Amino acid sequence: MYCYTCDSDERHRPLTADEKTWLKGKTGRGKVDEFHMCEAEGCRNVRSGYNKHPFDPVIRVPLP
């Protein structure tokens with residue numbers, strides 16, 4: 001998937017249960033199953049399957 005922050009195609013993975021809970025609290029959304037996190041080192045940018053830049057400013061999943 002394309003990463004808006006990295007400006008390149010990078011590997012992304014679905015969010016874990018804890019990351020989904022965090023993102024729900026951060027965004028106020030009731031459902032966040034469509035979001036993925038960029039796995040590039042130091043990035044952790046969140047995007048959905050259809051929208052490469054869903055948040056402005058970008059949201060990055062914090063390190064565990």
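Biologist: In which strand does Ser48 lie?
Modeller: This is a predicted model, and the assignment given here is computed from its atoms. Within the model, the strand that spans residues 46-48 contains Ser48, and that element is strand β5.

Biologist: Does Ser48 count as buried or exposed?
Modeller: The cut-off for burial is a relative accessible area under 20%. Ser48 has a relative accessibility of 9%, which is under that cut-off, so Ser48 counts as buried.

Biologist: Which residues does Ser48 touch, not counting residues up to four places away in sequence?
Modeller: A contact requires heavy atoms within 4.5 Å. With residues up to four places away in sequence left out, the residues that Ser48 touches are Met1, Glu34, Phe35 and Pro54.

Biologist: How far does the backbone nitrogen of Asn51 lie from a polar atom of the side chain of Ser48?
Modeller: A polar contact is a pair of N or O atoms within 3.5 Å. The pair formed by a polar atom of the Ser48 side chain and the backbone nitrogen of Asn51 is separated by 2.9 Å.

Biologist: How many disulfides does the structure hold?
Modeller: A disulfide is a covalent bond between the sulfur atoms of two cysteines, and the cut-off applied to such a pair of sulfur atoms is 2.5 Å. The number of disulfides in the structure is zero. Cys6, for instance, is in no disulfide, and its nearest cysteine sulfur, that of Cys43, is 3.5 Å away. Likewise, Cys38 is in no disulfide, with the sulfur of Cys3 as the nearest cysteine sulfur at 3.8 Å, and the total for the structure is therefore, by the 2.5 Å cut-off, zero.

Biologist: Does Cys38 count as buried or exposed?
Modeller: Burial is assigned under 20% relative accessible area. Cys6, at 28% relative accessibility, counts as partly exposed. Cys38 has a relative accessibility of 1%, so Cys38 counts as buried.

Definitions and conventions
Residues numbered from 1 in each chain as written. Predicted model: local features only at pLDDT ≥ 70, side-chain atom pairs only at ≥ 80, totals over all residues. Heavy atoms only, no water. Helix = DSSP H or I, 4+ residues; strand = E, 2+ residues; numbered from the N terminus. Buried < 20%, exposed > 50% of the residue type's maximum accessible area, 1.4 Å probe, protein only. Polar contact = N/O pair within 3.5 Å; in protein donor to acceptor, adjacent residues only side chain to side chain.
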